[in-house]
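Please read it alongside the sequence and the model.

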Amino acid sequence: QNGETVVLKIHDNGVGFDMNKPGQGNGLQNLHRRGKDLGGETQVFSQKGQGTTIILEFPIARFSLD
């Protein structure tokens, strides 16, 4: 948690992928859409042989019970 924002960072040390080549599926598009639906932002960093990092940042207030 960073103030009024949740920052979720996921990293794996797997095979990674080339971000300059279009993928065959909908996974990354869905990930970005879901982040936007939360009122936030999604960032994906990956490099072949170096793994992948996904950062999702969204406001806490969006889920307030008030």
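## Strand pairing

Strand β1 (residues 5-12) and strand β3 (residues 51-59) run antiparallel and are joined by 8 bridges. Strands here are DSSP runs of E with at least two residues, helices are runs of H or I with at least four, and both are numbered from the N terminus; two strands count as paired if DSSP finds at least two bridges between them. Within this pairing, H11 has T53 of β3 as its bridge partner, while D12 stands opposite T52 in β3.

This is a predicted model, in which local features need pLDDT of at least 70 and side-chain atom pairs count only at pLDDT 80 or more, whereas totals for chains, interfaces and linings use all residues. Residues are numbered from 1 along each chain as its sequence is written, and side-chain values use heavy atoms, with hydrogens and water left out.

## The sheet and its hairpin

Strand β2 (residues 41-47) also runs antiparallel to β3, and 7 bridges join the two. E41 of this pairing stands opposite E57 in β3, and Q47 stands opposite G51 in β3. Together β2 and β3 form a hairpin with 3 residues between them, and in the turn G49 has a positive phi of about 80°.

Taken together, 3 strands form an open sheet in the order β1-β3-β2, with antiparallel pairing. The edge strands are β1 and β2, each of which pairs on one side only. From one strand to the next the twist averages 10°, where axes are lines fitted to C-alpha atoms (for helices over the stretch in contact) and angles run from 0 to 180 degrees between N-to-C directions.

## The helix and its salt bridge

Helix α1 (residues 27-37) lies across β2 and β3 and runs at about 150° to β2; contact here means heavy atoms within 4.5 Å.

The structure holds 1 salt bridge, defined as a side-chain nitrogen of Lys or Arg within 4 Å of a carboxyl oxygen of Asp or Glu. In this salt bridge the side chains of R33 and D37 meet at 3.5 Å, N to O. Side chains of opposite charge can pair when their charged atoms come close. R33 and D37 are 4 residues apart in helix α1, so they are separated by about one helical turn. R33 is partly exposed at 41% relative accessibility, and D37 is partly exposed with a relative accessible area of 44%; buried means under 20% relative accessible area, exposed over 50%, and partly exposed in between (1.4 Å probe, protein chains only).

## The two faces of β2 and the setting of F45

Strand β2 has a covered face made up of T42, V44 and S46, and an uncovered face made up of E41, Q43, F45 and Q47. F45, which lies in strand β2, counts as partly exposed at 43% relative accessibility.

Leaving aside residues up to four places away in sequence, F45 touches M19, G51, T52, T53 and I55. The C-alpha atoms of F45 and D18 are separated by 9.5 Å, although these residues are 27 residues apart along the chain.
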